[in-house]
Amino acid sequence: ILIDRPFQVGDRVTFDGYYGEVVEIGLRTVRLVTLDDSLITIPNNKFLTEAVSSSNAGALDMLIQIDFHIGIDQDLRKAKALVREALVACQFSYLAKPAVVVVAPVSIGDAAALRLRAKVYIIDLKYEKALESDVTERVIAAFQLHRVHPPAVLIRHTQAA
């Protein structure tokens with residue numbers, strides 16, 4: 001770890017189901033703090049055999065993705081514009097890098113839907129959850145105002161035998 005430097009103190013990493021900020025790289029362990037403030041200690045030998053993902057690779061800014069779902073019968077152009085407006089309006093967005101909305105068809109239960117994946121860079125890692133919350137609140141309010149609805153999920157009723 002000290003030689004290869006796949007990540008550094010301050011990076012946001014995902015390792016073995018944990019996601020958080022690296023706060024210490026020692027001779028025997030790496031410590032990271034999760035977003036819910038748990039301290040995780042990982043033995044260095046684990047990094048020899050397991051993959052680790054660094055979200056920001058030493059940079060202060062980092063790409064954030066937030067998914068929204070709408071019904072396939074909704075106004076996609078309007079929904080996409082509303083999500084984009086929320087990304088641009090958020091004070092935590094780093095707009096020197098592109099903010100985009102990527103659309104894909106998905107299934108939610110038995111319902112067909114469209115996933116709008118908002119991709120925006122955050123200006124500083126410490127605002128990750130604030131950005132996610134702000135953008136989500138803006139999108140929900142805009143969808144309600146413009147009557148953009150989520151997918152209709154079918155509920156199956158079963159009879160007792």
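## Rings, sheet and cores in a predicted model

The structure holds three aromatic pairs. Rings of Phe, Tyr and Trp (its six-membered ring) count as a pair if their centres lie within 6.5 Å, and planes under 30 degrees apart are called stacked, over 60 edge-to-face and the rest tilted. In F7 and F47 the ring centres are 5.2 Å apart and the planes stand at 55 degrees, so this pair is tilted. F7 belongs to the segment before β1, whereas F47 is in the loop between β4 and β5, so the pair ties together parts that are 40 residues apart in sequence. Both F7 and F47 are buried; that word stands for under 20% relative accessible area, with exposed over 50% and partly exposed in between (1.4 Å probe, protein chains only). Ring pairs also link F7, F15 and F47 into a cluster.

A word on the ground rules: this is a predicted model, in which local features need pLDDT of at least 70 and side-chain atom pairs count only at pLDDT 80 or more, while totals for chains, interfaces and linings use all residues. Residues are numbered from 1 along each chain as its sequence is written, and side-chain values use heavy atoms, with hydrogens and water left out.

Another aromatic pair joins F92 and Y127, and this one is stacked, at 4.9 Å centre to centre with 25 degrees between the planes. F92 sits in the loop between α1 and β7 and Y127 in the loop between β8 and α2, so their pairing ties together parts that are 35 residues apart in sequence. F92 is buried, with a relative accessible area of 14%, whereas Y127, at 30% relative accessibility, counts as partly exposed.

**The open sheet**

Helices (H or I, at least four residues) and strands (E, at least two) are DSSP runs, numbered from the N terminus. Two strands pair if DSSP finds at least two bridges between them. Five strands form an open sheet here, in the order β4-β3-β2-β1-β5, with antiparallel pairing. The edges are taken by β4 (39-43) and β5 (52-54); each has a single partner strand, so one side of each is left without a neighbour in the sheet. On average, neighbouring strands of this sheet are turned by 40 degrees against each other, direction ignored. That angle lies between axes, which are lines fitted to C-alpha atoms (for helices over the stretch in contact), and angles run from 0 to 180 degrees between N-to-C directions.

| Strands | Bridges | Residues opposite each other |
|---|---|---|
| β3 and β4 | five | T29 and P43 |
| β1 and β5 | three | F15 and V52 |

**An asparagine and a proline in loops**

Where does N56 lie? N56 is in the loop between β5 and β6, and at 7% relative accessibility N56 counts as buried. Its side chain reaches the backbone nitrogen of R12 at 2.8 Å and the backbone oxygen of A59 at 2.6 Å. A polar contact is a pair of N or O atoms within 3.5 Å; within protein, one must be able to donate a hydrogen and the other to accept it, and residues adjacent in sequence count only if both atoms are side-chain atoms. Leaving aside neighbours within four places in sequence, N56 is in contact (heavy atoms within 4.5 Å) with G10, D11, R12, D61, M62 and L125.

P98 has its place in the loop between α1 (76-89) and β7 (100-108). Is P98 buried or exposed? P98 is exposed, with a relative accessible area of 55%. Not counting residues up to four places away in sequence, P98 touches K119, V120 and Y121.

**Two nonpolar cores**

A nonpolar core is a set of buried Ala, Val, Leu, Ile, Met, Phe, Trp, Tyr and Cys residues joined through side-chain atoms within 4.5 Å. The largest has 26 residues, of which F68, V83, L116, L131, V135 and F143 touch the most other members. At least two residues of this core come from each of β6 (62-71), α1, β8 (111-122) and α2 (128-145). Apart from this core lies another, of nine residues, among them V13, V22, V30 and F47.
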